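Here are my notes for a first look at this entry. Please keep the structure open while you read.

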Amino acid sequence: MAIDLTTDAEVTWCPGCPNSQILVAFRQAVTEFVEAGEMELHNIVAGAGVGCHGKISDYLEVNTFNSLHGRIVPTLTGIKLGNPNLNVVGFSGDGDSFSEGFNHITHAARSNTDITVFLHNNQVFALTTGQATTTSPKGFKGGTTPYGSVNEPVNPALIMLAMGATFVARTFAADITKTKEIMKAAMQHKGFAFVDIIQPCITFFDTREYYKDRVYWLDGKHRKGNIDSAFKVVRGATEDRVPLGILYQAEQPTFEENILPR
Ligand SMILES: Cc1ncc(C[n+]2csc(CCOP(=O)(O)OP(=O)(O)O)c2C)c(N)n1
Ligand SMILES: [Mg+2]
């Protein structure tokens, strides 16, 4: 069955914004699931936070909504608890879930709630025109840090590993096919799945060249079931090379399994 996941909404992202690549990757992932009979479209819920990334909900012909800023993760958790048969995914920003809603994402990872979070990590509050978030590098100059940010950045994948997420991956938005594959693996994972998507903001923090020269795919060279190996690989991300791929995957009982009557 051919499906069309486009909508009539005008795309208002900056021309060339990698958010469009994330949109295409997700549409492809859903199309492949539905066409292969692996998922039914009405069973997919794709929510979004508030920010440039949040506009994705307008451009997807699936069940979508926007949460309050920073509150996408608990909203997804509520939906999953209400109907565990749904495949529940959320698009969030580094400001949305690693600044404003930091407590929510860490606890969802700890509980192993069976939801998937795609982080549009552009290392900046983009919609509000360029302030530092927790993932902005030290020295980042923006509206709230005119002399440069004094804080060390947070590494989202490292935080997720430390909090017990059972699926942790990183990808680069420009690589649409690999991003689509990782999105599919995350959505198929039973438990809390987190994908850090490097998404340079071409207007307020253009890191396209920086990452283009540094990202590399782990592919089969990494034991994704080994937590020590995952920590080692993820820590390396603060250095000159940035590993991409599935960094860690394990099976654990989910929050829903633990809490809902059988
Ligand atoms: C509770 C609350 N605080 C602040 C804002 C203002 N606000 C709207 S979008 C945004 C930035 C979002 O940044 P991020 O989540 O990184 O998304 P991006 O725009 O970079 O995709 C902020 C601070 C808001 N809408 N609600
Ligand atoms: Mg951002």
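1. Start with the ligand. The largest share of the shell around ligand 1 comes from helix α3, residues 94-100, which supplies 4 residues. Bear in mind that this is a predicted model.

2. The shell around ligand 1 holds 19 residues. G51, G93, G95, D96 and A126 come nearest.

3. Now the protein as a whole. Its secondary structure comes to 9 helices and 8 strands. Along the principal axes, the C-alpha atoms fill a box of roughly 55 × 45 × 30 Å.

4. Does the overall size point to a compact or an extended chain? A compact globule of 262 residues would have a radius of gyration near 18 Å. The protein has 17 Å, so the value agrees with a compact globule.

5. Burial and contacts come next. Of the 262 residues, 45% count as buried. Among contacts with a separation of 6 or more, 69% join residues 24 or more positions apart.

6. One loop residue deserves a look. T113 lies between α4 (102-111) and β4 (116-121). Is T113 buried or exposed? T113 counts as buried, because 27 C-beta neighbours lie inside 10 Å and the cut-off for burial is 20 or more.

7. Which residues does T113 touch, leaving aside neighbours within four places in sequence? T113 is in contact with T77, K80, A108, F192, T254 and F255. L23 is 90 residues from T113 along the chain, and their C-alpha atoms are separated by 24 Å.

Definitions and conventions: Residues are numbered from 1 along each chain as its sequence is written. Chains are lettered from A and ligands numbered from 1 in the order in which they are written. This is a predicted model: local features need pLDDT of at least 70, side-chain atom pairs count only at pLDDT 80 or more; totals for chains, interfaces and linings use all residues. A residue is near a molecule or strand if its C-beta atom, placed from the backbone, lies within 6 Å of it. Helices (H or I, at least four residues) and strands (E, at least two) are DSSP runs, numbered from the N terminus. The radius of gyration is taken over C-alpha atoms; the globule rule is 2.2 Å times the number of residues to the power 0.38. A residue is buried if 20 or more other C-beta atoms lie within 10 Å of its own, exposed if 12 or fewer, and partly exposed in between; C-beta atoms are placed from the backbone. Two residues are in contact if their C-beta atoms, placed from the backbone, lie within 7 Å.
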